[in-house]
Amino acid sequence: MMENNQGTPCHPLTVLPKRAIPSEENSGTLVKNMISDELILDGSARLNLATFCQTSLEPEIHQLMDAAIDKNLIDKDEYPVTAEIEQRCVRMLARLWHAPEADTTMGCSTVGSSEAAMLAGLAAKFNWRKRRMLAGQPVNKPNLVCGPVQVCWHKFCRYFDIELREIPMSKNRLLMSPEEVLSRVDENTICVVATFGVTFTGQYEPVLEISKALDEFEATTGIDVPLHVDAASGGFLAPFCAEQLVWDFRIPRVKSINASGHKYGLAPLGAGWVIWRSTRDLPEELIFNVNYLGGEMPTFALNFSRPGGQIISQYYNLVRYGFEGYKRQHNSCYEVAHYLASQLQKTGLFNLIFRGDKAQGLPAVAWTLKNPQKLSGYTLYEFGDRLRQRGWQIPAYSLPDDCCETVIQRIVVRRGFTMDLAQVLINDMKSCISHFHDVPVDTEHEIISRKAFNHN
Ligand SMILES: *Cc1c(COP(=O)(O)O)cnc(C)c1O
């Protein structure tokens, strides 16, 4: 079917309109089928080994999401049970992360860690300004100190006019170190952000060591710099799989923590959390009370209307799996990561940067190529492209800053990526390697698109 010269599709519908809203109604079944047909060209979510996000969901989650499709989370007066469920999750997470006043502290759900980061960053900015004003000191341009962060912190700093002091990666240091932090903090630092599960490699930054360095800094300068932990992935991993690791509210300097419910929290896409150490750490000016939905409802969020199903599903997961269930599932992911790391090591072709050790980071594996000559001249970009032909999405990307010459590949092992699939993947990798061996690269003729890879 064609579009007429206004771009309006003619009846009957045989091709989906691309530019203008059709003038006539169409059958719901027909339109749904046509859209579903187009959508089969999207990648298969479970073969995407680059994402941290949840792609394996139980039928019960589908049912809960369906039943909640019309529940607006902001409407706490109309949906008091949904609102209460959100609060139960906040209390559970506050306790999981050892908040000293877990039953009364403040926290809220968000769309994901990005919104949570904006809220935590804003609270830190307001608190810093108040400290400066109370002390009668000038309020200059604020700054934030961090290691190699996820893009949400770049956004936070740009959107809210804060100087970002990001410690660049260097060849022998892929994380922030206490020394590097200390050389950047000053009286205008609103907070230091430690990433608990760095996007590029999956490693945890040393929260406790950084906190100790900031304690010494305070003792010598009198400047008290708060810590925020971006535990987007680690917040739902370490409490279950690395209990001895001290990274959370057990450290007094940690004032707020964010995590993505839709990553290792096992909730469907659209669930994030931010929790403050105590009510005193969330400035009151950031909380709005609205009465136009009935009742007097406090709200602190960037969004207003928002679906409630994700939060209900998060609660379902916490209750359904409990501590042991989360531990069991995440530990299986670590086992798969170890298996992949050891198999990759055995090929002799790769240098492993991270092997998914549970005390050091996420169930992820990251590697570089030892020497392109050993792979018949191919690079990780071609390796990624070749694996894509089998459906696997394991993109290669360059590290930031001083390491931009280093190209790495990373697999994030999530629920649903079983040992069986891992074995299939390793076999596929071996066939790619032997293909490269049989057909050495001819750089003159090989045209490869090296599209920028987007982390998420
Ligand atoms: C994924 C991630 C984010 C962004 O989280 P969303 O839930 O996707 O908004 C922020 N920080 C880190 C460390 C992450 O891994």
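## Glu 58 and its surroundings

Apart from neighbours within four places in sequence, Glu 58 is in contact with Tyr 316, Arg 320 and Tyr 321, where contact means heavy atoms within 4.5 Å. The structure is a predicted model, in which local features need pLDDT of at least 70, side-chain atom pairs count only at pLDDT 80 or more, and totals for chains, interfaces and linings use all residues. Residues are numbered from 1 along each chain as its sequence is written, and side-chain values use heavy atoms, with hydrogens and water left out.

Glu 58 is found in the loop between helix H1 (28–39) and helix H2 (59–67). Helices (H or I, at least four residues) and strands (E, at least two) are DSSP runs, numbered from the N terminus. Glu 58 counts as buried because its relative accessibility is 15%; buried means under 20% relative accessible area, exposed over 50%, and partly exposed in between (1.4 Å probe, protein chains only). The side chains of Glu 58 and Arg 320 make a polar contact of 2.9 Å. A polar contact is a pair of N or O atoms within 3.5 Å; within protein, one must be able to donate a hydrogen and the other to accept it, and residues adjacent in sequence count only if both atoms are side-chain atoms.

## Thr 55 in the H1–H2 loop

The loop between H1 and H2 also holds Thr 55. With a relative accessible area of 21%, Thr 55 is partly exposed. Not counting residues up to four places away in sequence, Thr 55 touches Ala 45, Arg 46 and Arg 414. The side chains of Thr 55 and Arg 414 are joined by a polar contact of 2.9 Å.

## The ligand site

The residues around the ligand are Gly 112, Ser 113, Ser 114, Gln 150, Cys 152, Thr 195, Gly 197, Asp 230, Ala 232, Ser 260, His 262 and Lys 263; a residue is near a molecule if one of its heavy atoms lies within 4 Å of it. This shell divides into 2 nonpolar, 8 polar and 2 charged residues. In this division Ala, Val, Leu, Ile, Met, Phe, Trp, Tyr, Cys and Pro count as nonpolar, Asp, Glu, Lys and Arg as charged, and the others, Gly among them, as polar.

A nitrogen atom of the ligand is 2.6 Å from an N or O atom in the side chain of Asp 230. Ligand oxygen atoms are involved at two further residues: one lies 2.7 Å from an N or O atom in the side chain of His 262, and a polar side-chain atom of Lys 263 lies 2.8 Å from an oxygen atom of the ligand. The protein covers 92% of the 380 Å² of accessible area that the ligand has on its own, as computed by the Shrake-Rupley method with a 1.4 Å probe.

## Lys 263

Lys 263 is placed in the loop between strand S6 (254–260) and strand S7 (272–276). Lys 263 counts as buried because its relative accessibility is 10%. Beyond residues up to four places away in sequence, Lys 263 touches Phe 52, Cys 53, Gln 54, Ala 232 and Ser 233. An unreviewed UniProt entry places the feature "modified residue: N6-(pyridoxal phosphate)lysine" at Lys 263; such annotations may be inferred rather than shown by experiment.

## Backbone angles in two loops

Most residues other than glycine have a negative phi. His 98, which is not a glycine, has a positive phi of about 60°. His 98 is in the loop between H3 and strand S1 (107–110). Ser 376, also not a glycine, has a positive phi of about 55°. Ser 376 is in the loop between strand S11 (364–369) and helix H10 (380–388).
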